[in-house]
Each structure stands twice: as structure tokens, then as C-alpha cells.
Amino acid sequence: MSARASSGIRFALLGLAMLAAFFAKGCATDGYYTDGYYTGGGMYGNAYYGDFWYWNDCCYRHPGGMGPPPARPSPPIARPPRPMNPVAIPPSRPMPMPRPSVRR
Amino acid sequence: MKMASQRSTEKMMRGVAMAAGLLLTGAMALASTLGPDGERGVHHPGRFVWFDLATDDPASARSFYGKVFGWRFRAVEGASDGYTVIEHAGGKVGGMFFHPRGPGGKNETQWLSLMSVRDSAQAARYVKSKGGEVIVAPKGVPGRGTHAVFRDPEGAIFGVLAAEGGDAPDGPVADGDVFWLDLFARDPAKAAEFYAGLGGYEVNVNEDLPGGRRLTLASGGFARAGVAGLPEGVSRPGWLPYVLVDDVRGAVDRARKAGGRILVEPQAGLLDGNLAVISDPGGGVLGIVNWVSNEGPSGGKP
């Protein structure tokens with residue numbers, strides 16, 4: 001093989017290796033086992049997880065207030081009649097609600 | 001002889017070029033699968049935009065969530081830990097990946113909820129400055145953006161994602177998508193303050209809701225999450241995402257039949273029976289909720 005061709009091959013292989021290294025970076029393929037023990041890697045690394053619901057191995061009473069606030073009623077709730085001499089009430093902004101739901 | 005050598009060299013070069021092309025194609029395929037289908041350059045800080053299940057039994061989880069929510073799963077070529085994207089009705093819910101059991105066989109299955117941020121590194125600095133912990137340092141993943149995982153100052157685990165493709169539009173939520181989240185905290189007011197500084201939330205206090213005083217975190221004009229005290233018997237704070245369903249009891253039945261556990265049954269005191277908490281067979285916990293918007297027949301934005 002000529003020196004020129006050999007040089008060309010080396011150059012191409014180097015380029016391929018650089019390309020592979022570029023795309024491998026951040027692709028999260030660094031998880032591996034050593035002596036049967038998982039030592040890290042993956043999308044998030046080897047961080048400890050474990051769902052908090054199971055911290056005391058289930059079951060307990062739920063807190064009263066959980067989940068989204070109830071949807072606003074469609075027809076507005078009837079307001080009490082205005083007093084004859086209205087008292088100044090600071091303007092109140094409506095409480096933000098969750099994004100609307102939609103049925104497919 | 002020289003011509004034969006040149007032909008051999010050309011053949012090898014073509015092979016190398018083809019391999020490089022395949023590698024590039026593979027990387028591009030990966031690039032379009034690991035994050036939300038967003039609007040480039042558009043972020044909705046404070047909105048939770050991606051949900052990943054860390055589980056030691058992805059096969060059981062796929063079967064369970066497919067039966068309960070109709071989710072579909074697409075393995076990502078070349079991704080580590082068997083990373084699988086969860087899809088529903090043409091959109092993406094999040095992902096799932098293999099996470100081994102901890103020492104002593106401890107179950108470490110967990111849903112991770114990722115909040116949209118513009119800058120994950122800045123978020124990490126904020127978390128550290130407020131007494132939280134960086135579990136996974138900001139990490140760029142092609143086609144996804146930069147994510148990081150933290151413990152808040154009370155220990156609740158959550159993530160952030162600066163999606164390189166932007167966040168999905170802030171439109172109506174459909175059945176099978178994550179609709180709501182609750183943070184269970186020892187000190188809800190203090191926790192709300194921490195997250196307000198991170199997600200730019202407006203913290204609202206509502207005294208009139210069933211169950212008493214409730215804090216909600218709002219951004220972009222929408223309530224995104226609630227903050228409640230710890231359930232009785234739970235010593236560790238955490239985030240709970242809720243999936244929208246059209247029939248909570250039906251979903252609970254499907255979960256039970258698919259081998260899941262019902263941690264909180266639907267009951268009158270909880271959103272009139274429209275809320276429950278379930279666990280998949282591996283221990284991943286999700287809330288389910290039926291929440292009908294009254295903003296219009298199509299659920300238009302308020």
C-alpha cells in the first residue's frame with residue numbers, strides 16, 4: 001500500500017473516531033457493572049431514588065387537601081345583594097386555575 | 001498493483017464515509033426522541049414538562065401503564081439503560097429507564113418530575129444556595145437539552161429541564177397526560193417560597209378549598225402544582241404527578257387488574273371521588289384525577 005493511501009486511511013479513521021467521540025458525548029452510555037455492582041451512568045447517573053410514598057412502607061391517611069383545586073362552576077355562584085352603602089373592597093384577582101382539560 | 005491498492009483505498013474510504021453517515025443518521029434519530037415536542041426557543045418556566053420513571057422492571061411497567069392509561073412505548077436506539085419514550089395520543093409524556101435496585105435489594109423505583117427552566121446550571125446554583133442538593137449535575141443530552149436532578153432543602157427529589165427544542169405549547173391537557181402535581185412538604189409555606197424562587201411562581205393561598213388551606217404554584221397564568229403537608233405516616237417530602245383520566249374508578253379497576261396497588265381510593269372527600277393514588281407493580285406512584293374544565297366545550301384557554 002502506498003504511503004499516501006496509508007496516510008489517507010489513518011486520516012479517515014481518525015476522523016471517524018472524532019465523529020464517534022463527538023456524538024457519544026452526552027449520549028449517556030456510561031453505565032456499567034463492576035463485580036456485579038452497578039457503578040453509575042445512564043440518563044441520570046447512579047443517584048439514589050425511591051418513592052417517598054414507600055418511605056414508611058405504605059399505607060397512611062391522605063392529607064385532606066391534595067390534587068388540583070375544583071374547577072370553577074360554569075354558572076357563576078349567586079352573589080349576595082350589595083349593601084346600600086358599599087364598603088370599599090380591594091379588587092381581587094381571580095385565582096389561577098390549572099390548564100383546561102380536554103376530552104379526546 | 002498500484003491501481004489495485006488505490007481501488008482498495010477508495011473502497012475503504014467509501015466504507016468509512018458510509019459508517020460516518022450511519023452514525024450521523026443514528027445521532028439525528030436520537031436527537032429527535034429524548035425531549036418534548038416543543039416550540040424552539042419557547043419555554044414555560046415553572047411548568048413540569050417531562051416525567052421519567054426509574055424502574056428496575058421496565059417490562060412490567062410498560063405492561064401496567066399501557067393497560068391503565070393506554071400509553072405506548074418507543075425504545076430509543078442507542079440510548080443507554082434501555083431508555084424508552086412514553087407516548088400518548090401522538091404526544092410525549094416522558095420516558096422510562098432501567099434503574100437497578102439499591103444495596104440490600106432496596107426498591108428505588110420512582111417517577112421524576114422535570115420542571116422547565118431556561119438554564120439548568122443557574123437552577124443548580126440556586127438550589128445549592130438555598131440549602132438543596134444537586135444529585136445529578138446539569139448534563140446536556142443531544143436532542144433533549146440540559147437536565148439536572150436535585151433534592152430541595154427538605155429532601156424532595158425533582159428535576160429541571162432546559163429543553164433544547166423548547167417546551168410544548170401551554171394548551172389544554174388531554175386524558176393520559178400529566179395534569180397536576182402536588183408537593184408534600186414538612187413546611188409548605190417555606191417549600192413554596194423555595195420553588196417560587198426557582199420556577200418564578202406566584203404562590204396563591206386558598207382558604208376555601210375542601211381539605212382546608214391550600215397553597216398553589218402558578219406561572220404563565222396557570223396553576224401548576226399544589227403544596228400540601230406531609231400525609232400522616234410519611235416522613236419524607238416528595239412530588240406526586242397526577243395523570244388526567246375520564247373515569248377515576250375505571251382507571252383504579254384497571255390498575256388493580258394490572259397488578260398495581262391503590263394507595264388512596266377515590267372517596268367523596270377528595271375532589272368528589274375524582275382523585276386516587278396508585279402504584280405500579282414495581283412501586284412507581286402516580287396520582288390520577290378527573291378534572292373537567294368549565295372554561296368552554298373544547299377546554300379553551302382562560
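**Entry 1: confidence in chain A.** I kept in mind that this is a predicted model. I looked up chain A and found an average pLDDT of 58. In chain A, 18% of the residues score at least 70. Next I looked for stretches under 50. Residues 21–41 of chain A stay under 50, and the model has 38 contacts for them beyond four places in sequence. Residues 74–80 of chain A also stay under 50. For that stretch I found one contact beyond four places in sequence.

**Entry 2: helix α4 of chain B.** I checked the length of this helix, residues 188–199. Its twelve residues should span 16 Å at 1.5 Å a residue, and the end C-alpha atoms are 16 Å apart, so the two agree. I then listed its buried residues: B:Ala191, B:Ala192, B:Phe194, B:Tyr195, B:Ala196, B:Leu198 and B:Gly199. Just after the helix, B:Gly200 has a positive phi of about 70 degrees.

**Entry 3: the cores.** Which residues have the most contacts inside the largest nonpolar core? I found B:Phe69, B:Tyr195 and B:Trp239, in a core of 53 residues. Helix α4(B) gives this core its largest share, six residues.

**Entry 4: B:Tyr195.** I went back to this buried helix residue. I left aside neighbours within four places in sequence. B:Tyr195 then touches B:Met115, B:Asp152, B:Ala156, B:Phe158, B:Leu183, B:Gly200, B:Tyr201, B:Leu217 and B:Trp239. Both B:Gly200, with its positive phi, and B:Trp239, from the largest core, are on my list.

Terms used
Residues numbered from 1 in each chain as written. Chains lettered and ligands numbered in written order. Predicted model: local features only at pLDDT ≥ 70, side-chain atom pairs only at ≥ 80, totals over all residues. Heavy atoms only, no water. pLDDT = per-residue confidence, 0-100. Contact = heavy atoms within 4.5 Å. Helix = DSSP H or I, 4+ residues; strand = E, 2+ residues; numbered from the N terminus. Expected span 1.5 Å × (residues − 1). Buried < 20%, exposed > 50% of the residue type's maximum accessible area, 1.4 Å probe, protein only. Core = buried A, V, L, I, M, F, W, Y, C linked by side-chain atoms within 4.5 Å.
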